[in-house]
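Dear colleague,

Please find the structure below, handed over for your use. My notes on it follow directly after.

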Amino acid sequence: MREENDQAVLTVEEVFTLAAEALERAGADSHNAEAVARTVQAAERDGCASHGLFRVPGYAAALKSGKINGAARVKISKPEGSVLKVDGDGGFAPPVHEAIAEPLADLAKRQGIALGALTNLAHFSALWRETELLAAHGCAAFACVSYMPMVAPAGGKERLLGTNPISFAWPRPDGVPMTFDQATASRAMGDVQIAAREGESLPLGVGIDADGKDTTDPNEVVKGAILPFGGYKGSAVSIMVELLAGPLLGETLSFEAAESDNKDGGPPLGGEFILAFAPEKTRVNQTRAGFGGKDGASQTHADHSERLFARLLAMEGVRLPGDGRRSRRPKVATNGVRIPKPLYDKIISG
Ligand code: NDP
Ligand code: PYC
C-alpha cells in the first residue's frame with residue numbers, strides 16, 4: 001500500500017489480503033474470510049467502489065456483534081424437482097455462491113431450469129458474481145435479493161422496500177457473458193453514501209428527505225428514502241424482488257429483516273432467489289428460416305443470441321452491460337485501487 005493525496009493506493013492483490021485479514025481479525029475463519037475477500041477483490045478490480053472495500057467495515061461489524069456466523073458451512077439439500085434448497089448457516093453470501101454454482105448448474109442441465117432457494121445468509125455485495133459463476137457453467141442465470149428498507153414505493157413518502165438488485169447473465173461463446181446487475185432503486189444506497197462522503201450532490205429525482213420532499217443532498221436522502229428507478233415500473237420490479245427473495249423462500253421481507261436486525265451496520269440475514277436456465281434443454285430445435293439460419297440448418301441458442309449482440313454493437317453509442325465494468329480493469333491494474341485513507345485505517349484497525 002502507498003499513500004497519495006490522503007488516499008490509500010493498493011494493488012488488486014493487496015485488496016484481497018486487506019479484506020481477508022480484516023475479516024479474520026473480526027472472527028471469520030479463512031474459508032469464509034477468503035470467499036468474501038474474493039468478492040470484494042472482484043468488485044475493486046472492476047471499479048465498483050460501492051461494493052468493494054467500502055463494505056468491509058460492515059462485514060466486520062456483523063462478525064463482531066455475533067450476528068453473522070464466521071465459521072458457516074453451506075448446507076445444500078438433495079434437489080426436490082427443480083428446487084435446490086440451500087441453507088447459508090447464518091454466514092455471508094459469497095461462500096454460498098461459490099459452493100452452489102456447480103450443483104445448481106448441474107440441476108438446471110438435468111431439468112432445464114433450476115431454482116437456488118438460498119436462505120439464512122447475509123448479502124452485502126454486487127450480484128453479478130453469482131450470475132457469472134453460473135454463466136461460467138454454461139447457464140443463463142437470474143438473481144435477486146432484498147435488503148432493509150431504503151426505498152419509498154411509487155407514490156409513497158417513506159422507505160419500505162430494499163434497494164433490491166437484480167442481475168442476469170447470459171453465457172457467450174467467447175466465455176465472456178452479457179451481464180447486467182442493477183439496483184431497482186434509482187441509486188444503490190452505497191453510491192448515495194459515497195456521494196455524501198465525497199460532498200457531492202445527487203440529481204433531482206434520486207431521493208427524498210425525511211419529510212418526503214425532493215432533495216439533492218445525499219445526507220438528507222440517507223435519512224429519508226431513495227426513489228425506485230423508472231417510477232412505478234421500478235417500484236413494481238422491486239416488489240417482485242421482495243416476494244421472490246422473501247415469501248417464496250420462507251425468508252424475510254426488507255422491513256422484517258430490519259425489525260430483527262441488531263443494527264450493527266452490517267447486512268441482515270435473509271434469502272436470495274437464483275434461477276439457472278440450461279438453454280440447450282429449454283430451446284425448441286429451430287431449423288426454420290427467418291431466425292438467421294439457412295432453411296433446414298439448425299442453429300444453437302448461442303448462434304441465435306449472438307445475432308442480437310451483433311446488431312446492438314453495430315449501433316453507434318451502444319455497448320453491452322457488463323462491458324463497462326470489464327473495460328475498467330486495465331486502468332485499475334495500472335493506477336491501483338484508491339480508497340480514502342480513513343477507510344483504509346478503519347479496515348486495518350478493525
Ligand atoms: P449501475 O447503475 O452502475 O449499473 C447497472 C447496470 O447497467 C450494469 O450492469 C451496467 O453495466 C449497466 N450499464 C451502465 N451504463 C450502461 C451503458 N451505457 N450501456 C449499457 N449498460 C450500461 O448499477 P447500480 O448502481 O444500480 O448497482 C450497483 C451495484 O450495487 C450492483 O452491482 C448491485 O448488485 C449492487 N447492489 C447490491 C445490493 C445488495 O443488497 N447486495 C443492493 C443494491 C445494489 P457495467 O457494469 O458494465 O457498466
Ligand atoms: O448499495 O443499496 C446498496 C446495498 C444494500 C446492501 C448492499 N448494498
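Strand β6 (residues 140-145) and β12 run antiparallel and are joined by six bridges. Helices (H or I, at least four residues) and strands (E, at least two) are DSSP runs, numbered from the N terminus, and two strands pair if DSSP finds at least two bridges between them. Ala143 has Ile274 as its bridge partner in β12.

Before I continue, some conventions: this is a predicted model, in which local features need pLDDT of at least 70 and side-chain atom pairs count only at pLDDT 80 or more, while totals for chains, interfaces and linings use all residues. Residues are numbered from 1 along each chain as its sequence is written, chains are lettered from A and ligands numbered from 1 in the order in which they are written, and side-chain values use heavy atoms, with hydrogens and water left out.

Strand β12 (residues 269-277) is also joined to β5 (residues 113-122), by eight bridges and again in the antiparallel sense. Here Leu269 of β12 is the bridge partner of Ala122.

A separate open sheet has three strands in the order β10-β9-β11, with antiparallel pairing. Its edge strands, β10 (214-215) and β11 (225-226), each pair on one side only.

The largest nonpolar core has 48 residues, and Leu10, Val40, Leu53, Phe92, Ile226 and Ile339 have the most contacts inside it. Such a core is a set of buried Ala, Val, Leu, Ile, Met, Phe, Trp, Tyr and Cys residues joined through side-chain atoms within 4.5 Å. Among the elements that each supply at least two of its residues are α1 (12-25), α2 (30-45) and β13 (337-340); the largest share, seven residues, comes from α1. A second, separate core of 21 residues includes Cys139, Val145, Ile274 and Ala276.

Arg172 lies in the loop between β7 (166-170) and β8 (178-182). Is Arg172 buried or exposed? Arg172 counts as buried because its relative accessibility is 17%. Its side chain makes a polar contact of 2.7 Å with that of Glu306. A polar contact is a pair of N or O atoms within 3.5 Å; within protein, one must be able to donate a hydrogen and the other to accept it, and residues adjacent in sequence count only if both atoms are side-chain atoms.

Two ligands remain to be described. Around ligand 1 there are 21 residues, of which Ser125, Asp181, Ala183, Arg319 and Gly322 come nearest; a residue is near a molecule if one of its heavy atoms lies within 4 Å of it. The largest share of this shell, four residues, comes from β8. Oxygen atoms of ligand 1 lie 2.9 Å from an N or O atom in the side chain of Arg319 and 2.8 Å from a polar backbone atom of Gly322. The protein covers 71% of the 920 Å² of accessible area that ligand 1 has on its own, as given by the Shrake-Rupley method with a 1.4 Å probe.

Ligand 2 has His51, Arg55, Phe124 and Tyr147 among the residues surrounding it. A side-chain N or O atom of His51 is 2.7 Å from a nitrogen atom of ligand 2, and a polar side-chain atom of His51 also lies 3.3 Å from an oxygen atom of ligand 1. For ligand 2, the protein covers 92% of the 240 Å² of accessible area that the ligand has on its own.

With kind regards

Key. Buried means under 20% relative accessible area, exposed over 50%, partly exposed in between (1.4 Å probe, protein chains only).
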